[in-house]
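Good morning, and thank you for making the time.

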Amino acid sequence: MSLLHRLIAQAKNPSGFVGSLMLKIMNTAHYEMNKWALAKINIPESAVMLDVGCGGGKTLQLLSNLNTYGKIYGIDYAEQAVKDSIQANKLDIEMGKMFVQQACVTKMPFSTGTFDVITAFQTHYFWSDIEESIAEVYRVLSSQGCFLLVAERYKVNYHMTTYKTKEEMEQLFHDIGFTTVNYALSPNQKWICIKGIK
């Protein structure tokens, strides 16, 4: 296996020391993109939020800072990502504000209509079934809830064979049931943000 393929495998499912190092790198590399995207939503003061594919836990920290009195959940199917997210957010977890667990986006362990805001940063291009995954996000999203899907354009173009364009993604969101869909491209032309309102 080439070095590139090894790195992609670690990004998709980080494990061990190398995986933990990769998660730290991603935390730093994605910080500005995540701040740009999160500025596009209004977060209610006591919102219940979920970050799908929480990686090393940096986005969970951003969500916690924006959501003083709410609850924040994080899921990732990689055991190493869950461990690192828990370590990075130890205080919030001990206080009962945050909960992190291992789970898959296609079958989330949450009741229908649980979350006011759901985020997915740099993860959807790794999902095994994007239609099923977004339908599951829709299921656990509350009425009027907001789903924010964010990624670097070049990673979408590299990893995905379908749902690469603005039109394809907007159509998918509408087909699943989102009433309002907004697609944004960052000023640097590098990042995309799709916001769906249930």
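Is E170 buried or exposed? E170 is buried, as its relative accessible area is 18%; buried here means under 20% relative accessible area, exposed over 50%, and partly exposed in between, with a 1.4 Å probe and protein chains only. This residue is found in helix α9, which covers residues 166-176. Helices (H or I, at least four residues) and strands (E, at least two) are DSSP runs, numbered from the N terminus. If neighbours within four places in sequence are set aside, E170 is in contact with V181 and Y183, contact meaning heavy atoms within 4.5 Å.

A word on the basis of these values. This is a predicted model, in which local features need pLDDT of at least 70 and side-chain atom pairs count only at pLDDT 80 or more, while totals for chains, interfaces and linings use all residues. Residues are numbered from 1 along each chain as its sequence is written, and side-chain values use heavy atoms, with hydrogens and water left out.

The chain has a mean pLDDT of 87, and 85% of its residues reach 70 or more; pLDDT is the predictor's confidence in each residue, from 0 to 100. Over residues 6-12, however, the pLDDT is below 50, although this stretch has 15 contacts in the model beyond near neighbours in sequence.

As to the overall architecture, there are 9 helices and 7 strands. The chain has 198 residues, of which 51% count as buried.

Let me turn to the interior. A nonpolar core is a set of buried Ala, Val, Leu, Ile, Met, Phe, Trp, Tyr and Cys residues joined through side-chain atoms within 4.5 Å. The largest such core has 32 residues, and V52, M108, I118, I134, F147 and F173 touch the most other members. Elements giving two or more residues to this core include β1 (48-52), α7 (130-140) and α9. A second, separate core of 24 residues includes I43, L62, V100 and C146.

Finally, how do α7 and α9 meet? Their axes, lines fitted to C-alpha atoms over the stretch in contact, with angles running from 0 to 180 degrees between N-to-C directions, come within 10 Å and cross at roughly 50 degrees. That makes α7 oblique to α9; angles under 35 degrees count as roughly parallel, over 145 as roughly antiparallel, 65 to 115 as roughly perpendicular and the rest as oblique. The contact is made by I130, E131, I134, A135 and Y138 of α7, together with M169, L172, F173 and I176 of α9.
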